[in-house]
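Welcome, and please take a moment to look over the sequence and the model before reading on. The report below begins with one residue and then widens the view.

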Amino acid sequence: MKALISPQQRRAKIYARIFVTASFAILGLSFLVLILLFADLLTKGLPRLSMAFLTSFPSRFADQAGILSAWVGSLCIVILCLLFAIPVGIGAAVYLEEYMNKSWYANQIEISLGNLAGVPSIIYGLMALGFFVYQLGLGHSVLTAGLTLSLLVLPIVIVSARESLRSVPDNLKEAAYALGASKLQMIRHHQLPYAQSGIFTGVILSLSRALGETAPLLTIGALTFIAFLPQTPIQPDFPFVNFNWLMDPFTVLPIQLFNWTSRPQAEFHQNAAAASLILVTLTVLLNLTAIILRNRSRRKYQW
Amino acid sequence: MRSRFKRTVEFLAERLLGLSATLSVGITFGILFILWREALPFFAHVSLRDFLFDSQWSPLFSPAHYGIFPLLVGTMVTTLIACTFAVPAGIMVALLLSEYVPDRVRTWLKPTIELLAAVPSVVFGYFALLVVTPFLQKFIPGLQGFNRLSAGLVLGLLILPYMASLAEDAFKSVPKSLREASYALGANRFTTAFGVVVPSSFSGLSSAAILAISRALGETMVVAISAGMLPSLSLNPLEPSATVTAYIVQVSMGDLPHGSIGYQSIFAAGLMLSLVTFSLNFFAHRMKLKRMERANG
């Protein structure tokens, strides 16, 4: 049998083995790095994690510093970001998939969407600095930050929503039309419900992206040291809610940890590790949820 | 009456949805317009020749120099290190996933790569400065605390998942019939992968590589944290350097008044960066569209 294998084939076999080994090595290496990173964060950061760390403001003493203003800021900004990005993103996706016919204009939208997904995040920050902060006069505020991040995650929402809308088979659509549904009814009662889990996956991914984004928020003037919270939206007298918090200065978790990482003292690096641990756990869990959701929805609907 | 109301709703809904879609075009032009407008006063102050050819960048000191070249060198060196690692590695991983392993294994392996993409870049910056650099210093004696090498390597890790998923898309678009023809001629998996799939997805792989490069050029936090912020013309990867993005961060952290030369300079740097990445993305997108046209006959 051996004689049947030509030298060429033997060489190809060796190359194949080298290729497979090397590729698995790369996969292994990236997994190893992820584990190393977690191990480092756990050993340095876990001892710092406590209730006090979550409920204290930053301080110039490393052992008293905490992430209260950072996580509250992150929460406010991420909520605002999704509030803007979800309706606009889904709306754009529905329009692009259901309404628009092939035209010059359609092409332009297609090109600029492809482009936007590749624009460096810091460029969004510069644009927001020129437009939201100075042109519209929104200042270095929570609102500016939310708007900036919503522009940033918009392509993610649009692309994932479009993909899931596209995967809904045409015969469902035609069945709805056959029963006399209008276009809007068809979209509301058929397209969107079936595309729901795909859209939700995109939303989770953008949430994770928005949580970890640092550079654009630095450019629009996030503070790195902030020892107070945004004003509470609820007040005792009429009209019981206020939106002053939108205009308050802010910091977020990634910026707090950037600040601690950049300091020379090792004690602050421990704080950075603890904050990173929280941040990475959140983003990895979110992405994991998105992956599981995606796999499940693939199994649920077999068109 | 009711049907007219319904028709109005339909009409309004379509307009509203169209408006959301138009926003994406608006943002693209908005970005270029705002950067251009804010950078314009800068170029009234600094000639384009100085900006492109002066060998020093020190806008915040006197005598001020406004040569972007040292920042570009920093950006290029870190990007080069990142892509030398990430582009081939990404292609290999993608080839392994799309041509070699069975589906069952794939559903397990792919998330591993995707989880790498879940780590925020600021955490990667922490990793580069406080884990990778001390580790590399054990083996490379001349390595400084802030250096381009660890920044570049970690940057490579950061774009690896991106590169891998783009390359996988390119491999997926190769028609099945080509693979089957190759197998029918007696080729094995390896020969099919490297003799048929890779060559026929060449344009897809190139556009993937371009997008990965563009991502590495614009990445900010890793280089801002771990490469130092020292503009330098040297090509030595062991030394610190500033990149275009790191400079923008550096200036933003200080409280620069609106309209000062420092404020304008970050827009000039940003304009430069966005022109480069926009044209790279545009080019890559064009290649992809062309490929799709050809695939559809």
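## A serine and its neighbours

Let us begin with S206(A), which, leaving aside its neighbours within four places in sequence, is in contact with A85(A), V153(A), I156(A) and V157(A). Two residues are in contact if their C-beta atoms, placed from the backbone, lie within 7 Å. S206(A) lies in helix α8 of chain A. Helices (H or I, at least four residues) and strands (E, at least two) are DSSP runs, numbered from the N terminus. Is S206(A) buried or exposed? S206(A) counts as buried because it has 28 C-beta neighbours inside 10 Å. A residue is buried if 20 or more other C-beta atoms lie within 10 Å of its own, exposed if 12 or fewer, and partly exposed in between, with C-beta atoms placed from the backbone. The C-alpha atoms of S206(A) and L154(A) are separated by 8.1 Å, and these residues are 52 apart along the chain.

## How to read the model

This is a predicted model, in which local features need pLDDT of at least 70 and side-chain atom pairs count only at pLDDT 80 or more, while totals for chains, interfaces and linings use all residues. Residues are numbered from 1 along each chain as its sequence is written, and chains are lettered from A and ligands numbered from 1 in the order in which they are written.

Next comes L207(A), in helix α8 (residues 183–212) of chain A. L207(A) is buried because 24 other C-beta atoms lie within 10 Å. Not counting residues up to four places away in sequence, L207(A) touches V78(A), L82(A) and L286(A). L82(A) is 125 residues from L207(A) along the chain, yet their C-alpha atoms are separated by 7.3 Å.

Where does S141(A) sit? S141(A) is in the loop between α5 (121–135) and α6 (142–166) of chain A. With 20 other C-beta atoms within 10 Å, S141(A) is buried. The contacts of S141(A), leaving aside neighbours within four places in sequence, are L246(A), M247(A), D248(A) and P249(A). From C-alpha to C-alpha, S141(A) and I77(A) are 9.7 Å apart in space, and they are 64 residues apart in sequence.

## Chain A as a whole

Chain A has 11 helices and 0 strands. Its C-alpha atoms fill a box of roughly 75 × 65 × 35 Å, taken along the principal axes. The radius of gyration of chain A is 24 Å, whereas a compact globule of 303 residues would have one near 19 Å. This radius is taken over C-alpha atoms, and the globule rule is 2.2 Å times the number of residues to the power 0.38.

Of the 303 residues of chain A, 45% count as buried. Among contacts in chain A with a separation of 6 or more, 77% are between residues 24 or more positions apart.

## Chain B and a pair of its helices

Chain B has 12 helices and 0 strands. Its C-alpha atoms fill a box of roughly 75 × 70 × 35 Å along the principal axes. Of its 297 residues, 49% count as buried. For contacts in chain B between residues at least 6 apart in sequence, 73% join residues at least 24 apart.

Which residues bring α3(B) and α9(B) together? T75(B), T79(B), A82(B), C83(B), A86(B), V87(B), G90(B) and I91(B) in α3(B) meet L205(B), A209(B), A212(B), I213(B), A216(B) and L217(B) in α9(B). By class, this contact of α3(B) with α9(B) has 11 nonpolar, 3 polar and no charged residues. Ala, Val, Leu, Ile, Met, Phe, Trp, Tyr, Cys and Pro count as nonpolar, Asp, Glu, Lys and Arg as charged, and the others, Gly among them, as polar.

## Where the chains meet

How many residues of each chain take part in the contact between chain A and chain B? On chain A there are 69 residues, in contact with 73 residues of chain B. Helix α1 (residues 7–45) of chain A gives the most to the side of chain A that touches chain B, with 15 residues. That side of chain A has 45 nonpolar, 22 polar and 2 charged residues.
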